[in-house]
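Please report on the model shown here.

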Amino acid sequence: MNNERVTRGHLGKLWGDDFKYLPYKKQPITNHEIETWRNMGYDYVKSFTGSMYDNRNPMPQWVRDIEGAFGLFNQSYTFYKMTTLEIMPIHSDHYRTYCKLNEVDPNEVYRVILMLEDWKPGHYFELDGVGYTNWKAGDWFKWHNDTPHAAANIGVEDRYTLQVTGQNIYSGQMNSLLCVNVPNVDTKQSSHLFFKYSIVPRIEDNLTRSFMVYMDNSSIKQLDDITHDINGKDILNKNGLHIYLYEPLCSYLNGATAKYKHGTKHTQGFYSEFSHDIDFQQLRADELDSILDYITRNNLTNVTVHTCDYEVEKYYPYYNSKMNLVTDDLFLKTQENIQDLTNLANDNFTKKFMNLNWRYTKHRNLVATYLSTTDSNVSWYFKTTFDVLSQDLPFKLNEWHIKHPTQFRILKENTEYVNTNSPLIVDQFTSEAVWVNHPHLMNPWPNMAEYKPGTTPALFNGVKNTLGHYYSDIFVDVINETRFFQPTANFSEKVFQAMQYMKPFIVVAPPKTVEYIKSLGFKTFSDFWDESYDDEYDHSERLAKIFKLIDSLNERSIDDLKNIYNRMIPILEHNTALFTEKFANPGYRIKRN
């Protein structure tokens, strides 16, 4: 069974027997489908489908109460009743009506079957080649798109289920500006459950607060169309407007376009990375430019911008006179506990490092290459030459031949190893590595049919225990964050993931990222190894220090690392407890009226 196509869960039973008395009706199926199934041998079937009651009709209240349970949005509901000898043979759903009404591609659609009663003899359900019986009321099964499934009732009692169709919150991105209590703006809340049940409760401290949440990267084009009347301006200037940026800033250097040989202000597609010795007075960000234009056009004087970037007011002084910039990471606040995680601290590991990667970036290439020949769990889906790897960096890698000869040699030798052995696989399999054949190739993705460019299995790692086996067998997680060659620290769910699996970590990220983590109350590992890499603003030297730290740990035996790990356990326990207390969102809230 493909774990990414099928998931399971259980709800407490919130319903009575009202579903049994709904006016069910048969829905027609095509003669072609009937003929196909009869030709397969289904000659004596009473009916090839059950009867239905869908949400074109009034739904029981409890249906709305569970709308947050499955991680879907834009949901539709259908009660389904199968009587004796009604059979639905193996088939895949087409979702034509749903896709037409919601203007979505079928690949974005998920379906859930919720079992409304305990299993009864003769009731059967099959999903992705696996048969199920003995379910309990409240068990549910969720699958993606065209996953094959079947159902049958060869018993003597009716079989009842609720069918839910929707878009998955982890694949349906809210690439928009969402507004609440903002004058002169349509502030109708998004139907996206992640916004309603996870984001809004983390922001809303009273019923009148005005705020916006921007979920995307780059310029906020929706702000161009917002103009407030005099009353609206007075309300915002009196009470304040808060704008939350869910993603790190997309920075660039003012006037630097001509300096970039790629003909764009951004060096990495939609954001820039650059040398450490920049003039902060020249540092700009697309999102802050949009906000500044919006503030100026509307004569606003009381706007606070909440960002994911540590010490943002220090590094972007250009904007400070017009807006209050603060570090207040909404992304971190909306992270969840990993489901079904019973992992406790243990020293039963046999490998030294973990290094998980998906989208290509240069610093990830360097780190994965460096770790590729160590005793590690490393994922890497790309190949390149050392010449291509050396170019288009904010520093001259060839100078390491003199400055850091050991690390230079390892990188050069390991590049050949990666080219021979890639893809390096941990949990996501592919037989083909992607060639990175020129220095400025931006945002390539692994070649996997089940993940289109822009999607990543990391979206599922945070809610399902898919990596426990791999984490249990390593000592330390070397975390490649998205950004490295920039001044403002930020980190992601990857750090929280290591904490929940109770593993120490080394963070490959901008300077002061470890300091940022500690500022939130977490503990790190300076008592056990040198974390001075975090204080190094020179990107080249910070990376070299990280590699030398890896070397020092790699020289130790597994038994020695186990001894260190056991001494770390109080820190690991503290971090896991603090994450759960202050950050974890314990599942989507289910409203019970």
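## Basis

This is a predicted model, in which local features need pLDDT of at least 70 and side-chain atom pairs count only at pLDDT 80 or more, while totals for chains, interfaces and linings use all residues. Residues are numbered from 1 along each chain as its sequence is written, and side-chain values use heavy atoms, with hydrogens and water left out.

## Overall build

Along the principal axes, the C-alpha atoms fill a box of roughly 80 × 65 × 45 Å.

The secondary structure comes to 18 helices and 24 strands; these are DSSP runs numbered from the N terminus, helices being H or I with at least four residues and strands E with at least two. Of the contacts with a separation of 6 or more, 77% are between residues 24 or more positions apart, a contact being heavy atoms within 4.5 Å.

## Burial and surface

Buried residues (under 20% relative accessible area, 1.4 Å probe, protein chains only) make up 57% of the chain. The chain exposes about 25600 Å², of which carbon and sulfur atoms supply 48%; the areas come from the Shrake-Rupley method with a 1.4 Å probe.

Helix H9 (residues 362-371) is largely enclosed by the rest of the structure, because ten of its ten residues are buried. Among them are Lys362, His363 and Arg364. Helix H15 (residues 493-500) has seven of eight residues buried, so it is also largely enclosed. The buried residues of H15 include Glu493, Phe496 and Met499. Met502, which follows H15, has a positive phi near 55°.

## Second largest pocket

The second largest pocket holds about 1200 Å³ of space. Its lining has 37 residues, and the closest to its centre are Met52, His94, Thr97, Arg111 and Gln163. On a 1 Å grid over the protein atoms alone, a pocket is an open set of points with protein on both sides within 12 Å along at least five of seven lines, a cavity is a set where a 1.4 Å probe fits but cannot get out, and lining residues have an atom within 4 Å of a point. Grid points are joined across faces, edges and corners, and a volume is the space filled by probe spheres set on the points.

Elements that supply at least two lining residues each include helix H1 (31-39), strand S4 (72-82) and strand S11 (159-168). H3 gives the most, with five residues. The lining of this pocket divides into 15 nonpolar, 15 polar and seven charged residues. Here Ala, Val, Leu, Ile, Met, Phe, Trp, Tyr, Cys and Pro count as nonpolar, Asp, Glu, Lys and Arg as charged, and the others, Gly among them, as polar.

## Cavities

There are three cavities of 30 Å³ or more. The largest cavity contains about 100 Å³ of space, and of its 13 lining residues the closest to its centre are Gln268, Thr361, Lys362, Leu441 and Met442. Its lining comprises four nonpolar, six polar and three charged residues.

The second largest cavity has a volume of about 50 Å³. Residues lining the second largest cavity include Glu117, Lys120, Trp135 and Arg159; by class, the lining has two nonpolar, one polar and five charged.

Technical notes: Buried < 20%, exposed > 50% of the residue type's maximum accessible area, 1.4 Å probe, protein only.
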